[in-house]
Amino acid sequence: TTYDLINTVDVRTGKTQLASILASGVSFCLILTSTNDQPAGLTATQSIANLTTIIAALKNVGIVPIIIAEMPRGDSVNTGTRLSGANLPQHIQVYRWILSLQNPYSGVIVADVWPTLAQYDSTFGDAIVGMLYDGLHPGPLAAYYMAQAVIAATNGYVGKSYPLMSSQAD
């Protein structure tokens, strides 16, 4: 969860996950963390506050955040990972907030995978069956679509496109 990223200390390093990232010297940080927030009981307000803290900390040390916006969860086969009626609106609120960061002045890169993964006739925020191998974690095709979304979002930012081996078959 976003809470864990900020607060949970790794016993091996004595640092939080966020502190380890801040000290790493990387230029970019790919974030896919808030998808577990609502099932863990965090409200959209708490998720957004945590993401705001994470983004500010990264930007403060010159790390560009690349956020994969909220993804669908569960599907008609893997119903145990679905969002409930109570937390689906919270999940969508966080998704829309992340999308609102997608502008040239935010200093944040946003990759949106919902359009390629979502089962649009679902009332649960489901993914298309087979995209998430267990209803939560990306299978090969979902990972491909996620990579394509990140590449599309970052190409304009970094100014150079690099061909991928997988793009040769497109």
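Are Tyr95 and Trp114 buried or exposed? Keep that in mind while we walk through the structure; we will come back to this pair. You are looking at a predicted model, so begin with a look at its confidence.

**Stop 1: colour by confidence**

Colour the chain by pLDDT. The mean for the protein is 86, and 91% of the residues reach 70 or more. Now select residues 161-170, where pLDDT stays under 50. For this stretch the model has 7 contacts beyond four places in sequence.

**Stop 2: helix α3**

Select residues 44-60, which form helix α3. This helix has 17 residues, and from its first C-alpha to its last it reaches 24 Å, close to the 24 Å expected at 1.5 Å a residue.

Which residues of α3 are buried? Show the side chains of Ala44, Ser47, Ile48, Asn50, Leu51, Ile54, Ile55, Ala57 and Leu58 to see them. As you look along the helix, here is a handy rule: an α-helix has 3.6 residues a turn, so residues three or four places apart point the same way.

Next, bring up the partners. The buried residues of α3 pack against the helices α1 (2-7), α2 (17-22) and α4 (88-100), and also against β1 (28-31) and β2 (64-68).

**Stop 3**

Click on Ile48, a residue of helix α3. Its relative accessible area is 15%, so Ile48 is buried. Setting aside neighbours within four places in sequence, Ile48 is in contact with Gln93, Val94 and Trp97. Try the distance tool from Ile48 to Thr2: these residues are 46 places apart along the chain, and their C-alpha atoms are separated by 9.0 Å.

Now move to Asn60, also in helix α3. Asn60 has 67% relative accessibility and therefore counts as exposed. Draw a line from Asn60 to Ala40: the two are 20 residues apart in sequence, and 28 Å apart in space from C-alpha to C-alpha.

**Stop 4: the nonpolar cores**

Which residues touch the most other members of the largest nonpolar core? Among its 26 residues, they are Ile31, Ile54, Leu58, Ile67 and Ile98. The elements α1, β1, α3 and α4 each give two or more residues to this core. Helix α3 supplies the largest share, 7 residues.

Zoom in on Leu58. Not counting residues up to four places away in sequence, Leu58 touches Leu18, Ile21, Leu22, Cys29, Ile31, Ile63 and Pro65. Apart from this core lies another, of 15 residues, including Val64, Met71, Met131 and Val150.

**Stop 5: two loops**

Select Ser27, in the loop between α2 and β1. With a relative accessible area of 46%, Ser27 is partly exposed. Beyond its neighbours within four places in sequence, Ser27 is in contact with Gly62, Ile63 and Val64. Val94 is 67 residues from Ser27 in sequence, and their C-alpha atoms are 25 Å apart.

Then jump to Thr35, in the loop between β1 and α3. Thr35 counts as buried because its relative accessibility is 11%. Leaving out residues up to four places away in sequence, Thr35 touches Glu70, Met71, Arg73 and His91.

**Stop 6: follow the contact to His91**

His91 sits in helix α4. How buried is it? His91 has a relative accessible area of 0% and so is buried. Aside from neighbours within four places in sequence, His91 is in contact with Thr35, Gln38, Glu70, Met71, Arg73, Leu83 and Trp114.

**Stop 7: the rings**

Tyr95 and Trp114 are both buried. How many aromatic pairs does the structure hold? There are 2. In the pair of Tyr95 and Trp114, the ring centres are 5.2 Å apart and the planes stand at 40°, so the pair is tilted. Tyr95 lies in helix α4 and Trp114 in helix α5 (residues 114-117), so the pair ties together parts that are 19 residues apart in sequence.

Arg82 lies over the face of Phe124, at 4.0 Å from the ring centre.

Notes:
Residues numbered from 1 in each chain as written. Predicted model: local features only at pLDDT ≥ 70, side-chain atom pairs only at ≥ 80, totals over all residues. Heavy atoms only, no water. Helix = DSSP H or I, 4+ residues; strand = E, 2+ residues; numbered from the N terminus. Expected span 1.5 Å × (residues − 1). Buried < 20%, exposed > 50% of the residue type's maximum accessible area, 1.4 Å probe, protein only. Contact = heavy atoms within 4.5 Å. Core = buried A, V, L, I, M, F, W, Y, C linked by side-chain atoms within 4.5 Å. Phe/Tyr/Trp six-rings, centres within 6.5 Å; stacked < 30°, edge-to-face > 60°. Lys NZ or Arg CZ within 6 Å of the ring centre and 35° of its normal. pLDDT = per-residue confidence, 0-100.
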